[in-house]
Amino acid sequence: MAKQHPKRVTRADVARIAGTSVAVVSYVINNGPRPVAEATRQRVLEAITQTGYRPNTIARALASGSTKSYGLVVPNISNPFVAAMAHALIQEALNEEMVILLGDAGDDCRRELELIHNLLNRQVDGLFYYSVDRHPYIDLIKASGTPLVMLDRVDPALQVSMLRVDERAAARLVTEHLLSHGYRDVGIIRGPDDMLNAQDRINGWRDAMESHGLEIHQQWIFPTRYTREGGYEATLQMLQGDTLPRALFVSNEGQAIGCIRALQEHNIRVPEQIALVCFNGTDQSAFMVPALTTVRQPIRVMAKTAIEMLKAWNGEAMLREVSHQLEIGESCGCTLAPALSARK
């Protein structure tokens, strides 16, 4: 026997129960354009509750030209920084009475392209985009006329609005702090070779090393994915070498977590035997043992700024740069990290 599906409730059903016209029901739902007597309005609202009617948001979007939604494409939501940024954007969008449709590419360029097509087909009012690699699908988005804000650095020649932190300067800052402890043999667990932000971070590390007159050992440069697994695997590779660095700059928080795990498995203490600092820390950096010394990006400020940029979008490229901050933990060798209560 065929399964019976419940009939979709329409505005005509609401109008019939409320004893009014479909047009009046529309005026109540849309709060205009014509006024409705309070007694009639209450009858319509009671009929909506009784029937369980839900407005057709797609039809409303076609009529108004707005879907009241933004799209967000990220490379991998398991990255703590990406997850924190997505959460902040969702909350800021809600403050603007907008919703965000989240697309997680899972570090797959083909899936990223599919997500972009799907979001554009849904006619989102704007798109936030953090690409898997350095060759994002910007031309496709620009051709659609959809407002766009990149959440990562791309080639300025692409003429696209960007929200960014000066990652080279930030990487230098946290490496300078590491070197202030007197370490001279310093390596790096970096991001993938073909990513612009990975290049910014290794260049910042190089700047700090060169400013202190320190030798850069190629055998202590370990490219890997921006994941816990990547940091773990790079550390195992490092442990197979003939000599070990005394300290490490690790290019993101996930990598740092994997690195510490691998070091602990080999009974290597942080920071007593190998000190480290990392980039893109989140709230969980303070809860690591040892607590991570990290550069943090101002996620809430970035989310608010990104929303403002999308609202102000007029087709011309905008650039907004926000400041970073150094958060001192214990992983670098500082003996006293701030209390957790002070980090709120």
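This is a predicted model: local features need pLDDT of at least 70, side-chain atom pairs count only at pLDDT 80 or more; totals for chains, interfaces and linings use all residues.
**Exercise 1.** Determine the strand order of the open sheet and identify which strands stand at its edges.

*Solution.* 
Step 1. The open sheet comprises 6 strands, arranged as S7-S6-S8-S9-S10-S12, with mixed pairing.
Step 2. Strands S7 (221-223) and S12 (325-327) each have a single partner strand, so one side of each lacks a neighbour in the sheet; these two stand at the edges.
Step 3. On average, and with direction ignored, neighbouring strands of the sheet are turned by 20 degrees against each other.

**Exercise 2.** Characterise the pairing of S10 with S12, and state which strands helix H9 touches.

*Solution.* 
Step 1. Strand S10 (residues 294-296) pairs with S12 in the antiparallel sense, over 3 bridges.
Step 2. Thr 294 has Glu 327 in S12 as its bridge partner.
Step 3. Helix H9 (residues 196-211) packs on the sheet and touches S6 (186-190), S7, S8 (247-250) and S9 (275-279).
Step 4. The direction of H9 makes about 170 degrees with that of S6.

**Exercise 3.** Locate Asn 280, decide whether Asn 280 is buried or exposed, and describe its surroundings.

*Solution.* 
Step 1. Asn 280 lies in the loop between S9 and S10.
Step 2. The relative accessible area of Asn 280 is 4%; buried means under 20%, and Asn 280 is therefore buried.
Step 3. Neighbours within four places in sequence left aside, Asn 280 is in contact with Phe 81, Arg 201, Asn 252, Glu 253, Thr 294, Val 295 and Gln 297.
Step 4. With Gln 297, the side chain of Asn 280 forms a side-chain polar contact of 2.4 Å.

Definitions and conventions. Residues are numbered from 1 along each chain as its sequence is written. Side-chain values use heavy atoms; hydrogens and water are left out. Two strands pair if DSSP finds at least two bridges between them. Helices (H or I, at least four residues) and strands (E, at least two) are DSSP runs, numbered from the N terminus. Axes are lines fitted to C-alpha atoms, for helices over the stretch in contact, and angles run from 0 to 180 degrees between N-to-C directions. Contact means heavy atoms within 4.5 Å. Buried means under 20% relative accessible area, exposed over 50%, partly exposed in between (1.4 Å probe, protein chains only). A polar contact is a pair of N or O atoms within 3.5 Å; within protein, one must be able to donate a hydrogen and the other to accept it, and residues adjacent in sequence count only if both atoms are side-chain atoms.
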